[in-house]
Amino acid sequence: MSELAAPYSQIGEDLSSTMKLRLGECPVLDSICAVEYRWDLETDDMQIAGDFNGIFQETAPNIHTGSQFSELLTVDSAALFHRIRTEVVESYANASTPITHVYCAYPDGHRQAGRVWFENIGRIFRTENGRPLMATGIVRVLYAKRVGGSSGLAINDMQEHLMGPLGRRMFMDLLSDSLEDAKQTNKPVAVLMATLANLDDINSQYGFDAADEVIEAVILNLRNMMRKRDYIGRISGARIALVLHSCDEKAVQVAFERFSSNIAKTKFVSEGNNIETQLCCGCIIAPQLAATVQNALERAKHALEDAKLPVNKGFAIYTASLERTVSVQKSKEASETLISALNERRIELAYQPVLNGNGAGVWFYEALVRLRDKEGRLVTAGAFVPAAEKLGLMPLIDHRVLEMALLTLDQHPDIMLSINITPSTTSSLEWMATLKSAHQNNPKLLNRLIVELTESAVVDNLEWCKAFLTEVKALGCLAAIDDFGAGYTSFRYLRAFDVDIVKIDGGYIMNLSNSADDQAFVKTLVTLSKSLDLKTVAEWVVNAQDAALLRDWGVDGLQGEFVSMPVSSIQDALHAVLGQGHTPKVVNW
């Protein structure tokens, strides 16, 4: 170790002594499934005190370096682990900085052999200019799943010690175990997907940061009401997932009423504002109606869409019936309302600009569908699209959106525009006929149109979506995958689909500056996209700090509150961009 590092080494010895005084010697470390480590970041030498192989399985190799340790980690966790060694702190004020990271390891190199989730709690010692020199701390097992053996710490112990909700990857690992246990014990598991009923209003009135604070506070509130053996996670930006063990339809209804009543009575504070909200929740009972993690989360999400309908009052349980919880009469009323809006031209567009990542102007605008009710109020998509999808009316709405988008492109020859397509529209002959007609009338017009499909739509309809996008691109349009990262797609699908743009799910972006996990994921996603010659757009960018990170990593487009909220016209969008201090000119790729 260099002379410069010596003072920090002494601090590390002091910290190590403090840990041993607090925790005792190795038997105590072993009893809490923990090991102590010291990692020299210059030489990569790692010293470990405790039964490392006993914790990470007997087949784990002897670990002498940080590089050897990282070989046990999953790709995402390894990227996060190596940030300890490479991250330079610019404004350095202290002799050390604390770290608290959660990692996942597959000690045998593959998921089927078992996995270990563990927490790294320690400190990084740096030079005066912020360069990392040494890290020391404790690695503590949170949860272990052994194939053919017992688990490590209980789920409630793990969740009790974690500061925030479970991350999406850890949540899905635990859900996989819960489904496996439910199949063996024949006891039902309730999987719930929840969101805030008035999320759009909170975003509009108080901003994305306030909405994020409310979501985090709601999660903490729910967690305090849950039983210890149950758990909660944040699956994406606005969606919360809960797992309730030994819980059937009757029990989950009682649980929701208790959760919902508590949330409705609570005033959540953000920057001096008292914000009220209500819970909207969908549920699936597994494993009877969902044998896999993907099925459970997708069907819970479908139930959540049902729950948003007024007739269901914020709660719905997924059933095998096609009509599920919506009565024939209520479906007829909803259908008449939507068809009336279509016939009376009350379907409108709002426009949200996507800023060029380097700040040199607007790249394109996303056209977002809105409905104006008979009282003249503008209704956002989340309030009517779920009902339209259930009733099979989205192809009609998407067709109207396409007509308005083509008119907008014709009126503004210097802009690019993107539109969203729902899965059912990919088989609409009328929609495709309109696109082909536009190509015949003005072939160059479609060179400025981007067609977006959500990641979940692609996963559910692989071959059909591939054929649809191939036809769309043949007419000159660009293709984009929206909400990438929210589902289960891998990059091999992007290779096969020949897409042009990947829009990163806003759940990874909205808390970017404060989440090392999300930073590691986004950086990896951008790097892989560049290797495939794909453009990237970050959604839900809320502040200049996150925008600066994204620009440094080479993200091509920024979209969200930082740039502009959706507005009613292209002119208003340009004014909004200018008002935020961005260059308003249009940039075509």
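**View 1. Ser246 in the loop between β8 and α10.** Ser246 is found in the loop between β8 (240-245) and α10 (249-265) of this predicted model; helices (H or I, at least four residues) and strands (E, at least two) are DSSP runs, numbered from the N terminus. Its phi is near 50 degrees, a positive value in a residue other than glycine. Most residues other than glycine have a negative phi. Ser246 counts as partly exposed because its relative accessibility is 40% (buried means under 20% relative accessible area, exposed over 50%, partly exposed in between, with a 1.4 Å probe and protein chains only).

Residues are numbered from 1 along each chain as its sequence is written, and side-chain values use heavy atoms, with hydrogens and water left out. The model is predicted: local features need pLDDT of at least 70, side-chain atom pairs count only at pLDDT 80 or more, and totals for chains, interfaces and linings use all residues.

**View 2. Lys313 in the loop between α11 and β12.** Lys313 lies between α11 and β12 (315-317). Although Lys313 is not a glycine, its phi is positive, about 55 degrees. With a relative accessible area of 74%, Lys313 is exposed.

**View 3. The cis peptide bond from Ala286 to Pro287.** Omega of this bond is near 0 degrees. Pro287 belongs to the loop between β11 (279-286) and α11 (293-307). Most peptide bonds are trans.

**View 4. Helices α14 and α15.** The axes of α14 (residues 394-411) and α15 (residues 429-441) come within 9 Å and cross at roughly 15 degrees; axes are lines fitted to C-alpha atoms, for helices over the stretch in contact, and angles run from 0 to 180 degrees between N-to-C directions. The helices are therefore roughly parallel (angles under 35 degrees). Asp398, His399, Leu402 and Leu406 of α14 meet Glu430, Trp431, Thr434, Leu435 and Ala438 of α15, where contact means heavy atoms within 4.5 Å.

**View 5. Leu435 and the largest nonpolar core.** This core has 70 residues, and those with the most contacts inside it are Trp431, Leu435, Val522 and Leu550; a nonpolar core is a set of buried Ala, Val, Leu, Ile, Met, Phe, Trp, Tyr and Cys residues joined through side-chain atoms within 4.5 Å. Helix α14 gives the largest share, eight residues. Leaving aside neighbours within four places in sequence, Leu435 contacts Leu402, Leu446, Leu449, Val472, Leu475 and Cys477.

Note on methods. Angles under 35 degrees count as roughly parallel, over 145 as roughly antiparallel, 65 to 115 as roughly perpendicular and the rest as oblique.
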